[in-house]
Amino acid sequence: MKKSMSLQLEPIGIAVTAADIYLVEDNHYWPLQQAKVSRGSTKGQQFKHCDQHAITDIQGLELYEDAQCDVTINFHSEDTGEESQWHIQTESASTLAAFMSALQLPWQQLFGVAMPQITHPTITIQDEF
């Protein structure tokens, strides 16, 4: 017997630099009315840091034929040996393409080869009992 598991997706921001990829939450109240703590500074931060990985930790991308706005990024840290993954769902296929391009360019510059990609026929996640 198999059951389908559902992914719990939450709205989040993504920042990509030449060296790292970050998950961040927007502070929608920053800098509303410039709530000043001291001269020249604002109370709180614009973004809350949730997670980050080095671009070099990316092992590859998983795409899905039946979900043109979804990608799973697989990570492996050489420093800690930890493996993890992020499942990202964008608003449109063109947004996903732009995001993947932002990841692939620094990765290809670092490694000199294309980032590995696997395309699955379906996004259905199944767990066996």
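In what sense do strand S5 and S8 pair, and over how many bridges?

Author: This is a predicted model, in which local features need pLDDT of at least 70 and side-chain atom pairs count only at pLDDT 80 or more, while totals for chains, interfaces and linings use all residues. Residues are numbered from 1 along each chain as its sequence is written, and side-chain values use heavy atoms, with hydrogens and water left out.

Strand S5 (residues 58-64) and S8 pair in the parallel sense, over four bridges. Strands (E, at least two residues) and helices (H or I, at least four residues) are DSSP runs, numbered from the N terminus, and two strands pair if DSSP finds at least two bridges between them. In general, strands of a sheet pair through backbone hydrogen bonds, either parallel or antiparallel. Within this pair, Glu62 stands opposite Ile118 in S8.

S5 and S8 belong to an open sheet of four strands, ordered S7-S6-S5-S8, with mixed pairing. Its edge strands are S7 (83-89) and S8 (117-120), each of which pairs on one side only. On average, neighbouring strands of this sheet are turned by 20° against each other, direction ignored.

Helix H1 (residues 93-111) lies across S5, strand S6 (67-76), S7 and S8, and runs at about 25° to S6. Contact here means heavy atoms within 4.5 Å. Axes are lines fitted to C-alpha atoms, for helices over the stretch in contact, and angles run from 0 to 180 degrees between N-to-C directions.
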